[in-house]
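Dear colleague,

Please find below the structure that I am handing over to you. My notes on it come after the sequence and coordinates.

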Amino acid sequence: MFVLVEMVDTVRIPPWQFERKLNDSIAEELNKKLANKVVYNVGLCICLFDITKLEDAYVFPGDGASHTKVHFRYVVFHPFLDEILIGKIKGCSPEGVHVSLGFFDDILIPPESLQQPAKFDEAEQVWVWEYETEEGAHDLYMDIGEEVRFRVVDESFVDTSPTGPSSAEAASSSEELPKKEAPYTLMASKRLEREGSPPPLWGAGVAPGCSQSLLAGCALPSLEPHLEERASFASCPSWLQAER
Amino acid sequence: MARGARPARGPAGVLQAPGVHRGDPGVHRGARSRLWGVRRGAGSRSFSAWSSACAGDPRRRGGGDMEVKDANAALLSNYEVFQLLTDLKEQRKESGKNKHSSGQQNLNTITYETLKYISKTPCKHQSPEIVREFLTAMKSHKLTKAEKLQLLNHRPVTAVEIQLMVEESEERLTEEQIEALLHTVTSILPAGPEAEQQQNASDDVAMDEEDPA
């Protein structure tokens, strides 16, 4: 989930901070600049890991502050492709299920990547997985706050640096606020099987403490009677594997 | 300018005070010689050509942009990040006063949220010795670094979870190997706070069931 990124930057220390130790001032400045910010094509920066090298500090004419070139390593949130993560459902919309990790919110599971068959319940504004078993179809609701396990399928970085005034501005009225785009979005999939392999039986995955949510975390009050079903599912994986 | 205000030291500063640049920072020396080069041959060149030449390459200017040297220098496990953030929190608590300045708010937010997230995973109870033991035990199973990292972060308890995290597990691992892997993982890595809760709940249920008997 987290990677170490080596970066180089010039840090400006104003004169009133000269009495502090240089390393501390630089660490504070770097954290102030990068913590909780998305760097384009790198990821969400968390905190400074260490300072590798400090080059000479210069004072330029006209500015009393010192400028130091720093080589450092930063902890960045950047999950690799196909990584499994656990998050909480933040909300559902026709675009898909929005999942949040607490510190990172822009994860979307598009409808095609949900376990099929899935449909969007307009009344409650939730996605529902219609799970077929021998007893009949069970509707498993993806409620807000439920923990879900998902696989990272795609990521997209958007450069949100401010642009200059464009000629088209005359056309758009001042009431229309510019659409805020998330600088870093993850596309996820709840179809956790890999390409070509059959989907794992979800019931089997439900063990005490397992947060494979739909069956475990489902808020349906009628979940308790389904406990017997879980026990029978647990014996299924060997059956499934024998079939293959 | 997209990068926001810069201190007023730009190319003009570099030219006017060459004596400032002692030492040998490659960038500064390079910038100066390039600008001087333009000046020397600048008999017929206009001022605008010179200024556009030095403004054109941001990396050559005084401090330059932030540069990413290696976007993937190392993978960190959740435990390492947890440890780092906890130590950072301790340090900042000791140093006292300046945590609440507006500049530090971002660091506070991200630290708090990330710690909250990791505290709910099994990684909270790990230690460097446990991680070392885990990696030694994993050597025999021939898994990739990413797979070992996922096992370390998630602590799978069922075969299904292993199949998700390990690529092509049907071809690479037999059932016994998966069982052995599960056993290694659950025995070496400590259980998470959720699993403990479930354990307590199921213990209570078991005790209740015994009573009527």
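This is a predicted model: local features need pLDDT of at least 70, side-chain atom pairs count only at pLDDT 80 or more; totals for chains, interfaces and linings use all residues.

The nonpolar core

The largest nonpolar core comprises 82 residues. Within this core, the residues with the most contacts are Phe2(A), Ile46(A), Phe77(A), Phe103(A) and Phe150(A). The element that gives the most to the core is strand β1 of chain A, residues 2-13, with a contribution of seven residues.

Phe2(A) deserves a separate paragraph. Its relative accessibility is 0%, so Phe2(A) counts as buried. When neighbours within four places in sequence are set aside, Phe2(A) is in contact with residues of chain A, including Ile46(A), Val75(A), Val76(A), Phe77(A) and Phe103(A). Phe2(A) also touches residues of chain B, among them Ala74(B), Leu75(B), Leu76(B), Val81(B) and Ile118(B).

Aromatic pairs

Over all chains, the structure holds ten aromatic pairs. One of the pairs is formed by Phe2(A) and Phe77(A), in an edge-to-face arrangement with 6.0 Å centre to centre and 65° between the planes. This pair links distant parts of the chain, since Phe2(A) belongs to strand β1 and Phe77(A) to strand β4 (residues 66-77) of chain A, 75 residues apart. Phe77(A) counts as buried because its relative accessibility is 0%.

Phe72(A) and Tyr74(A) also form an edge-to-face pair, at 6.1 Å centre to centre and with 75° between the planes. Phe72(A) has a relative accessibility of 1% and therefore counts as buried. Tyr74(A), at 0%, likewise counts as buried.

Phe2(A) and Phe77(A) belong to one aromatic cluster together with Tyr40(A), Phe103(A), Phe104(A), Phe157(A), Tyr184(A) and Tyr117(B).

Why is strand β6 of chain A described as largely enclosed by the rest of the structure? The strand spans residues 96-100, and four of its five residues are buried, so the rest of the structure largely encloses it.

On one pairing, β6(A) runs antiparallel to strand β5 (residues 84-93) of chain A, and five bridges join the two. Ser93(A) has Gly96(A) of β6(A) as its bridge partner. A hairpin connects β5(A) to β6(A) through two residues.

β6(A) also pairs with strand β7 (residues 107-109) of chain A, in the antiparallel sense and over three bridges. Here Val97(A) has Ile109(A) of β7(A) as its bridge partner. The hairpin of β6(A) and β7(A) has six residues between the strands, and in this hairpin Gly102(A) takes a positive phi near 95°.

Most residues other than glycine have a negative phi. Two residues may be noted against that background.

Asp82(A) has a phi near 70°, a positive value in a residue other than glycine. Asp82(A) is located in the loop between β4 and β5 of chain A. With a relative accessibility of 30%, Asp82(A) counts as partly exposed, because that class lies between the limits of 20% and 50%.

Arg155(B) is not a glycine either, and its phi is positive at about 50°. Arg155(B) is found in chain B, in the loop between α7 (145-154) and α8 (159-165). Its relative accessible area is 13%, so Arg155(B) is buried, the cut-off being under 20%.

Yours sincerely

How values were computed
Residues are numbered from 1 along each chain as its sequence is written. Chains are lettered from A and ligands numbered from 1 in the order in which they are written. Side-chain values use heavy atoms; hydrogens and water are left out. A nonpolar core is a set of buried Ala, Val, Leu, Ile, Met, Phe, Trp, Tyr and Cys residues joined through side-chain atoms within 4.5 Å. Buried means under 20% relative accessible area, exposed over 50%, partly exposed in between (1.4 Å probe, protein chains only). Contact means heavy atoms within 4.5 Å. Rings of Phe, Tyr and Trp (its six-membered ring) pair if their centres lie within 6.5 Å; planes under 30 degrees apart count as stacked, over 60 as edge-to-face and the rest as tilted. Two strands pair if DSSP finds at least two bridges between them.
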